[in-house]
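Work through the exercises below with the model open. Each task is followed by its solution in steps.

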Amino acid sequence: MKPTIVLVHGAFAESSSWDGVIDPLLDAGHPVVCAANPLRGLASDAAAVADVVRAVDGPVVLAAHSYGGAVISNVAADAGEIVGLVYVAGFAPEPGESAFSLAGMFPGSTLGDAVQPVPRSDGATDLYIAVDRFHDQVCADVPAEQADRMAATPRPATQEALFEPSGERPLWREVPSWFLFGELDRNIPAELEHFMAERAGAHRTIEIPGASHAVPVAHPNATAHLILEAAALHATA
């Protein structure tokens, strides 16, 4: 049975960010599920993705972008037959680390200067990326018209989710991982990605020259290729 690929979007995005990646995965014969990441809290978001995994029959490769990487790192190992983790410009936290604490670990992230807080009536704070900063901050290597659509259709993450400490059992300690990211990522610096990939013992680490944070959008074929590599390792095991 070929692994099902479960795709997890990050903050300031939605499942459509995976549109260019889906067809190559389907063409290779893999079932694909785009999980709706709630973006409300790290532990609760991970539980929601774990529920999606539990509904899948057979092996699963989890692939996640940005904050979604922190989410899949917190999915319970017994949620299903999870055989690979692919971090696409994604966070891979240690216990106690948050997305924002990691983003500031190495120089280069300008995300904090680009976010726009929107207080909610329930006491939480939604974070958006300012529309006039979105193209340069997130997807500088995407055409302007496409960037404008992305800026107009974000799903906010709560400030609380991005500051929430990661749990005690990161899944990357138990499941093989792969990392793909852009050289010029302004959300998660490439230096941080190399650091996280090394400590996770990644099977492969790929830095795309000149690429922005929006790797699944700007480089869908490279993204799909690495996900298929992760799935193929299970097939040969």
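**Exercise 1: the sheet**

Find the order of the strands in the open sheet of 6 strands.

Solution. The order is β2-β1-β3-β4-β8-β9, with parallel pairing. Strands are DSSP runs (E, at least two residues; helices are H or I, at least four), numbered from the N terminus, and two strands pair if DSSP finds at least two bridges between them. Next, the edges are β2 (32-35) and β9 (204-208), each pairing on one side only. From one strand to the next, the twist averages 15°.

This is a predicted model, in which local features need pLDDT of at least 70 and side-chain atom pairs count only at pLDDT 80 or more, while totals for chains, interfaces and linings use all residues. Residues are numbered from 1 along each chain as its sequence is written, and side-chain values use heavy atoms, leaving out hydrogens and water.

**Exercise 2: the lining of the largest pocket**

Which element gives the most to the lining of the largest pocket?

Solution. Start with the elements that give two or more residues: α1 (19-27), α6 (131-138), α7 (144-152) and α10 (215-218). Among these, α7 gives the most, with 3 residues. Finally, sort the lining by type: 11 residues are nonpolar, 7 polar and 3 charged. Here Ala, Val, Leu, Ile, Met, Phe, Trp, Tyr, Cys and Pro count as nonpolar, Asp, Glu, Lys and Arg as charged, and the others, Gly among them, as polar.

Terms used. Axes fitted to C-alpha atoms, helices over the stretch in contact; angles between N-to-C directions.
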